[in-house]
Amino acid sequence: MVRPAAAGTRRADARQNADKIVDAAIDCLGRKPAASMVDIAQAAGVGRVTLYGHFSSREAVVEAALARVIERGQGTLDGLDDTAAEGDPREVLRRLIESSWMLIAQASGVLEAAQATLSPQRIHDLHAVPERRVLALIERGQEQGVFRDDLPAAWLSNALHHVLKGAAADVNGGRLDPEQAPQFITGIVLAAAAPQAPAAPRAEATPQAEAAPHAEAAPQAKATPQAKATPRAEAAPQAEESNGRTS
């Protein structure tokens, strides 16, 4: 007969192992959505027997990981609800990014793994609530004129997730300091979501000045009549030959 204390200890150990496995799955899938059961077991520090004792398949691990990150994200959003309804949407979004950017980035990797493993309906059921809350925040910002409304709110929400995922990859690759990541993410996202200034009207083309009429050609000077050729001087008559002879 198993004593109650021993049974309670085993249940506590089992829950602890299950939590370790789920946390390891979130970390592994966040960095590499194609992470295997072996990768997850090694990260959790448990054997395969223990892993499969809690989760019968990779699909079950992925679903548990997705449910966990969504639950954590819900907790973060709950903490913002005191000001989310009336506060400046830009400030609410900033606080959301600063408090949970790594979690949201991990969720993107876990979601990618889930999309390759779970049914679309199951993913929608798990992910719909927090997604709607972020979307509602962006839509409120559009209504108040602090977020651009020339793009769909859903597209801006997707852009946020892509930036978060890229930042997480850079942190994991040693290309970005984790302490700087929230500032960089916020700067990029808020700049991209800011209302766009109306384009300045194009200046009308200035009509070109009419081409000045060609100056009339100056009348050609009349040819000066050449002086008539001076007639050659008539040859001087030869002195008449004296008829007389010198005597």
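**Pocket and helix crossing in a predicted model**

Biologist: Which helix gives the most to the lining of the largest pocket?

Modeller: H5 does, with nine residues. Keep in mind that this is a predicted model.

Biologist: Which helices each supply at least two residues of that lining?

Modeller: They are H4 (58-84), H5 (89-115), H6 (120-143) and H7 (153-172).

Biologist: How many residues line the largest pocket?

Modeller: The lining has 26 residues. Nearest the centre of the pocket lie Ala 107, Ser 108, Leu 111, His 127 and His 161.

Biologist: And how much space lies in the largest pocket?

Modeller: About 550 Å³.

Biologist: How do the lining residues divide into nonpolar, polar and charged?

Modeller: In the lining of the largest pocket, 13 are nonpolar, 10 are polar and three are charged.

Biologist: New topic. At roughly what angle do the axes of H6 and H7 cross?

Modeller: Roughly 120 degrees. The two axes come within 9 Å.

Biologist: Why are H6 and H7 called oblique to each other?

Modeller: Roughly perpendicular covers 65 to 115 degrees, and roughly antiparallel means over 145. The H6 and H7 axes cross at roughly 120 degrees, so the two helices are oblique to each other.

Biologist: Is the crossing of H6 and H7 left-handed or right-handed?

Modeller: That crossing is right-handed.

Biologist: Which residues meet there?

Modeller: From H6 come Val 134, Leu 135, Ile 138, Glu 139 and Gln 142. They meet Ala 153, Ala 154, Leu 156, Ser 157 and Leu 160 in H7.

Biologist: What kinds of residue make up the contact of H6 with H7?

Modeller: Seven are nonpolar, two are polar and one is charged.

Notes: Residues are numbered from 1 along each chain as its sequence is written. This is a predicted model: local features need pLDDT of at least 70, side-chain atom pairs count only at pLDDT 80 or more; totals for chains, interfaces and linings use all residues. Side-chain values use heavy atoms; hydrogens and water are left out. On a 1 Å grid over the protein atoms alone, a cavity is a set of points where a 1.4 Å probe fits but cannot get out, and a pocket is an open set with protein on both sides within 12 Å along at least five of seven lines; lining residues have an atom within 4 Å of a point. Grid points are joined across faces, edges and corners, and a volume is the space filled by probe spheres set on the points. Helices (H or I, at least four residues) and strands (E, at least two) are DSSP runs, numbered from the N terminus. Ala, Val, Leu, Ile, Met, Phe, Trp, Tyr, Cys and Pro count as nonpolar, Asp, Glu, Lys and Arg as charged, and the others, Gly among them, as polar. Axes are lines fitted to C-alpha atoms, for helices over the stretch in contact, and angles run from 0 to 180 degrees between N-to-C directions. Angles under 35 degrees count as roughly parallel, over 145 as roughly antiparallel, 65 to 115 as roughly perpendicular and the rest as oblique. A crossing is left-handed if the near helix is turned anticlockwise from the far one by less than a right angle, and right-handed if clockwise. Contact means heavy atoms within 4.5 Å.
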